Structures are given as C-alpha cells and as structure tokens.
Amino acid sequence: MPRPLPTFAQVDPSTWIVTVSGSIQATPRYPGSSDYTAVGYPSIDIRRVGEPRRFSAPDDGFSLSLYDDPVFRIGPTVRVVPGRYYGDDRRHLFGLRDARFAAEPGIFAEFYPVSFIRTRFEARQGVYGHHGTVGSVAADYLIPTEHLLFSIGPRFNIGDASFARKYFGVSPAEAALNGRVTPYDPRNFYSAGVLGAVTYTPNATWAYTAYAGYTRILGASADSPLVRRPFGSPDQFLLGVKIDYSFTTPALL
C-alpha cells in the first residue's frame with residue numbers, strides 16, 4: 001500500500017478565532033504572605049482559522065508571539081506582581097513601608113523538545129513598583145485526550161537584590177517602628193515549585209480549566225522576618241479556575 005500523504009489544516013487568513021477568557025484564583029495577598037485573597041482577570045487570544053491554539057499555562061505572563069513555529073516561539077511578555085500594603089495586615093505590617101504592585105515587562109521564549117513537553121523562559125525588568133531584574137523557567141508535561149488536556153511541571157523563579165529588598169527587606173528604621181522584627185537585607189530571591197492543570201473542552205466554543213500550584217520561597221529571602229510566622233510563610237499556594245469562550249470574526253489585519 002502507498003504511504004498516506006500528510007494532511008494539513010487550511011488556514012483562512014480572512015477569519016480570526018477570538019478566545020476571551022476569565023480567570024479567578026486564590027493567591028497569596030502579597031509575596032511571602034500567609035493570607036490569601038481572590039483575584040480575577042481577563043485575557044484574550046487571537047489566531048487565524050485553521051491555526052492550532054497554542055498551549056498556555058495558567059501562570060504564564062501576558063504574551064504576544066512575534067515568531068511562532070511548531071517548535072519555537074518568542075515575543076514580549078509582562079507580569080504584574082501584587083503589592084504589600086499596610087492595610088493588608090495592620091497588626092504585623094505596622095511601621096513597614098508599602099511595596100507597591102509591580103509591572104514587569106520583558107521577553108519570553110518557548111521550546112518544544114518533543115510535542116508533549118513545553119519549556120518556557122522569561123526575563124523581565126521591573127519598571128513600576130520595583131526596578132529589579134527577575135526571571136522564570138518552567139516546563140510542562142502535556143497529556144491530551146479527546147476532550148481533556150492534563151499538564152504538570154516544575155517552576156523556578158529568580159530575582160536580584162533590588163527585587164528581594166523591595167518585598168523581603170527590613171530597614172533599621174522600619175524594624176524600630178515595628179518593634180517585632182529585626183533589620184534584614186536579602187541579597188537574592190529564589191523560589192521553586194510545581195503547577196498542574198486540567199482543561200475540559202466539550203466543543204469549539206467553550207473550555208474550562210482548573211489548576212493548582214505550590215511554590216517554596218528559597219535563598220536569602222526565605223530567611224526574611226517577613227516570610228517567617230507570624231508575619232508570613234515561605235509556602236505559597238495557588239488555586240484557580242478559568243473559562244474560555246471562542247468565536248469567529250472577520251480579520252482586522
């Protein structure tokens with residue numbers, strides 16, 4: 001028998017598939033916090049009809065691909081880090097300066113060594129809230145079925161001294177005002193963890209994702225008095241759900 005010819009999806013450049021997503025998650029109130037809060041946010045994905053939708057983990061930064069092929073893609077990304085404010089915990093944060101929420105633009109790159117493993121790298125620079133340099137490395141093992149997609153993989157994050165001091169440092173003046181902590185000057189930030197997710201796609205219009213993650217703060221930042229109890233915890237958990245709604249529309253570009 002002759003070998004079957006490969007089939008390719010026909011890409012329609014005149015029509016877009018727009019996917020609008022809404023997510024809500026329980027996350028630490030601020031980096032190193034032992035208290036949790038609910039956070040909701042939207043997102044959007046646009047692709048041509050016939051183009052497969054790329055896998056995206058719930059903890060990916062907001063990204064735009066400038067180059068995209070089946071093995072590699074690269075482009076700009078941005079993340080938002082929640083701030084720490086006196087009103088979050090008046091009892092323990094008295095005398096400590098507020099750490100405003102931060103915006104971190106940067107670049108990302110993804111590489112698929114095989115079709116069921118995705119690796120992702122991000123390098124970002126704080127431009128508001130802090131001015132440190134941060135990065136993250138992630139890998140996801142993908143298990144697709146007819147209507148379900150399972151993913152799980154490790155996470156590793158790093159930050160320089162500027163980032164660490166902003167969220168985990170305590171100056172002598174702050175320690176004197178608070179009266180319950182000692183001065184501390186962290187030189188770095190590390191964290192490692194894991195994230196798992198399952199996505200149910202009953203049809204081309206709707207998709208539902210549930211996910212959970214765990215991160216442990218490591219390095220000098222883990223020794224900060226703001227991370228130790230009763231002020232905080234090095235164990236950071238994440239739990240969330242996401243709903244996707246997809247529709248077609250004439251392409252604008």
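Contact is taken here as heavy atoms within 4.5 Å, and buried as under 20% relative accessible area with a 1.4 Å probe, protein chains only. The structure is a predicted model, in which local features need pLDDT of at least 70 and side-chain atom pairs count only at pLDDT 80 or more, while totals for chains, interfaces and linings use all residues. Residues are numbered from 1 along each chain as its sequence is written, and side-chain values use heavy atoms, with hydrogens and water left out.

The pLDDT, the predictor's confidence in each residue on a scale from 0 to 100, averages 92 over the protein, and 96% of the residues score at least 70.

Next comes the overall architecture. Helices (H or I, at least four residues) and strands (E, at least two) are DSSP runs numbered from the N terminus; the protein has 2 helices and 12 strands. Their order along the sequence is β-β-β-β-β-β-β-β-β-α-α-β-β-β. The C-alpha trace spans about 80 × 35 × 30 Å along its principal axes. Of the contacts with a separation of 6 or more, 61% join residues 24 or more positions apart. Of the 253 residues, 39% count as buried.

A nonpolar core is a set of buried Ala, Val, Leu, Ile, Met, Phe, Trp, Tyr and Cys residues joined through side-chain atoms within 4.5 Å. The largest such core has 12 residues: Val 81, Ala 99, Ala 102, Val 134, Phe 163, Ala 164, Tyr 167, Phe 168, Phe 189, Ile 217, Ala 222 and Val 227. Helix α1 (residues 161–168) contributes the largest share of this core, 4 residues. Beyond its neighbours within four places in sequence, the core member Val 81 is in contact with Pro 31, Phe 101, Ala 102, Glu 104 and Tyr 167.

How values were computed:
Buried < 20%, exposed > 50% of the residue type's maximum accessible area, 1.4 Å probe, protein only.
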